[in-house]
Amino acid sequence: MEYFLQQLINGLTLGAIYGLIAIGYTMVYGIIGMINFAHGDIYMIGAFMAIIWFLVTGLLGITWVPLAILVMLVLSMIFTATYGWTIERFAYKPLRGSQRLAALISAIGMSIFLENYVQLLQGARVKPLQPMVQGGIAVMERADGFVVNLSYLQIIIMALTLALMLGFSQLISRTELGRRQRACEQDQTMAALLGVDVDRTISITFVIGAALAAVAGVMVTLYYGVIDFYIGFLAGLKAFTAAVLGGIGSITGAMVGGLLIGLIEAYWSAYFSVEYKDVAAFSILVLVLIFRPYGILGKPEIEKV
Amino acid sequence: MLEVEGVHTYYGAIEALKGVDIEVREGEIVTLIGANGAGKSTLLMTICGSPRARRGQIRLRGKDITQAPMHEIVRQGVAQSPEGRRIFPRMTVLENLQMGAMTAHPDNFERNLGRAFELFPRLKERQHQRGGTLSGGEQQMLAIARALMSEPRLLLLDEPSLGLAPMVVKQIFQVIEQINREEKVTVFLVEQNAFHALRLADRGYVMVNGRIAMQGTGRELLADEEVRTAYLEGGH
Ligand SMILES: Nc1ncnc2c1ncn2[C@@H]1O[C@H](COP(=O)(O)OP(=O)(O)OP(=O)(O)O)[C@@H](O)[C@H]1O
Ligand SMILES: [Mg+2]
């Protein structure tokens with residue numbers, strides 16, 4: 001029971017991170033019908049940004065940890081969002097209107113480019129970040145001394161993710177920006193007829209997706225303490241699986257899918273085998289694609305138009 | 001108000017408009033009739049920039065808009081209720097209307113919304129329902145109301161009576177007339193329902209195979225033998 005609870009905490013933390021990345025996949029898919037294979041690498045860039053801005057906060061003499069983390073988050077979001085915008089502008093926008101396969105290949109190329117770019121600039125070895133947030137709460141203790149621990153960092157990750165997701169859902173459902181975004185998802189020509197700048201809305205989608213992935217990147221760097229240029233590949237695939245599991249195109253689906261993948265991974269490594277934890281996530285991808293390709297919250301297209 | 005001059009539009013290699021000239025003057029209701037596939041919808045969409053005219057010129061109050069970005073054209077005072085209505089299916093009625101109001105001044109929103117609900121009381125009852133779940137007639141009302149939310153000077157309507165019960169058709173035509181008389185909105189109306197349209201319109205054009213084959217006042221065209229046999233036989 002105690003062990004189960006510990007895995008629940010770990011799984012939710014991991015799931016929060018996957019969920020944040022998955023939103024970027026699902027939004028881009030929703031608006032231009034393309035799987036942005038470079039999105040995992042955007043997340044990786046966000047993780048490297050965390051280390052870079054950590055060093056800068058050190059140089060600036062910011063020693064108060066909450067402020068340092070805030071500065072790291074905000075700057076990483078801004079700079080990673082710039083990467084997101086640039087990639088869309090130069091790798092995808094020129095291909096709009098051509099075959100879907102062209103954009104997909106461009107995305108894969110972009111992914112390889114980003115990995116090599118970071119490897120060249122930052123080296124191939126893992127980068128460490130010293131622990132910034134330590135300690136936690138002992139939730140429960142078993143007779144044999146096993147302690148269920150909820151670390152402060154886990155609390156931060158879950159709370160921040162929750163706040164971002166709530167804020168983001170409000171943005172999409174309540175604001176003019178959100179309406180424009182949804183209008184472009186549903187009918188771009190009609191949106192343009194009503195005065196929506198479709199290109200700009202697509203750019204904003206990439207910017208938002210990248211900013212959320214940057215948060216995930218910063219959190220992962222704080223959580224694991226080490227990163228390398230290759231982390232975007234696996235995390236990206238898992239977040240993509242989360243987006244498909246939740247129903248690609250559905251934002252709530254991406255969040256739910258992320259949490260599920262995190263939990264599955266945590267329990268799988270706890271009760272079966274750590275070595276094969278990635279297999280669990282991808283078996284799910286295969287099963288979902290075969291039996292419920294529109295995911296848990298997605299709907300098969302049956303709308304009257 | 002609107003001048004279309006020698007416009008050619010293509011879909012790939014297919015020439016859908018083969019040199020179209022049309023003029024719509026301020027305050028008029030002008031109708032365009034023609035058989036299926038004549039190019040009527042293509043003309044309305046070309047005016048709004050998608051597809052683009054490959055040759056020719058489109059002017060709005062003297063200003064050349066042939067190459068203007070699509071999302072800028074509505075800011076010049078042109079709104080369209082397009083073929084197929086194109087309601088955003090996963091947005092509520094209210095949200096669809098908010099989309100229509102995007103380019104209008106926010107201060108006028110409540111007034112324009114009240115006006116839309118006055119013209120189509122059905123929409124008020126259903127304002128929180130999703131667009132995709134409305135009936136065909138309700139969707140048509142929403143498409144027209146949405147176009148009006150931008151406070152257009154020129155309203156382009158593509159077959160607003162298509163597939164609707166005679167009662168609803170009558171209501172829609174009444175609203176078109178009302179908008180034109182009371183709000184001085186110029187109307188360019190594409191219709192299969194030639195009898196109704198020509199009776200309502202000040203002037204009309206007949207399109208055949210991507211070209212304007214005939215033009216005249218509504219009365220003249222209604223009386224014309226060719227028009228009667230081609231577009232009115234068995235009608236009304
Ligand atoms: N997206 C498209 N791609 C290729 N051809 C098209 C496209 N849209 C229309 N066409 C062709 O252009 C021609 C004109 O079509 P358009 O829709 O303008 O006709 P219409 O007069 O509006 O007909 P209807 O009364 O049936 O609505 C038709 O031959 C049609 O097949
Ligand atoms: Mg048509």
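In this predicted model, the side chains of B:R59 and B:E3 meet in a salt bridge at 3.5 Å, N to O, a salt bridge being a side-chain nitrogen of Lys or Arg within 4 Å of a carboxyl oxygen of Asp or Glu. The pair links distant parts of the chain, with B:R59 in strand β4 (residues 53-60) of chain B and B:E3 in strand β1 (residues 2-11) of chain B, 56 residues apart; helices (H or I, at least four residues) and strands (E, at least two) are DSSP runs, numbered from the N terminus. B:R59 counts as buried at 15% relative accessibility, whereas B:E3, with a relative accessible area of 27%, is partly exposed; buried means under 20% relative accessible area, exposed over 50%, and partly exposed in between (1.4 Å probe, protein chains only). Side chains of opposite charge can pair when their charged atoms come close.

Residues are numbered from 1 along each chain as its sequence is written, while chains are lettered from A and ligands numbered from 1 in the order in which they are written. Because the model is predicted, local features need pLDDT of at least 70 and side-chain atom pairs count only at pLDDT 80 or more, whereas totals for chains, interfaces and linings use all residues; side-chain values use heavy atoms, with hydrogens and water left out.

A salt bridge is also formed by B:E28 with B:R203, whose closest N and O atoms are 2.7 Å apart. This pair again links distant parts of the chain, since B:E28 lies in the loop between β2 (14-24) and β3 (29-34) of chain B and B:R203 in strand β9 (residues 203-208) of chain B, 175 residues apart. B:E28 is buried at 9% relative accessibility, and B:R203 is buried with a relative accessible area of 13%. Salt bridges that share partners join B:E23, B:R25, B:E28 and B:R203 into one network.

Over all chains, the count comes to 21 salt bridges. One of chain A joins A:E265 to A:K238, the closest N and O atoms being 3.3 Å apart; A:E265 is in helix α10 (residues 251-271) and A:K238 in helix α9 (residues 231-246) of chain A, 27 residues apart. A:E265 counts as buried at 4% relative accessibility, and A:K238 counts as buried at 3%.

Between the chains, 26 residues of chain B are in contact with 21 residues of chain A, contact meaning heavy atoms within 4.5 Å. Two salt bridges are found across this interface, including that of A:D187 with B:R86, in which the closest N and O atoms are 2.8 Å apart. On the side of chain B that touches chain A, α2 (70-73), α3 (93-100) and α6 (136-148) of chain B each supply at least two residues, and α3(B) gives the most, with four residues.

B:S41 lies in helix α1 (residues 40-47) of chain B and B:E83 in the loop between β6 (78-81) and α3 of chain B, so the pair ties together parts that are 42 residues apart in sequence. B:S41 is buried at 14% relative accessibility, whereas B:E83 is partly exposed at 47%.
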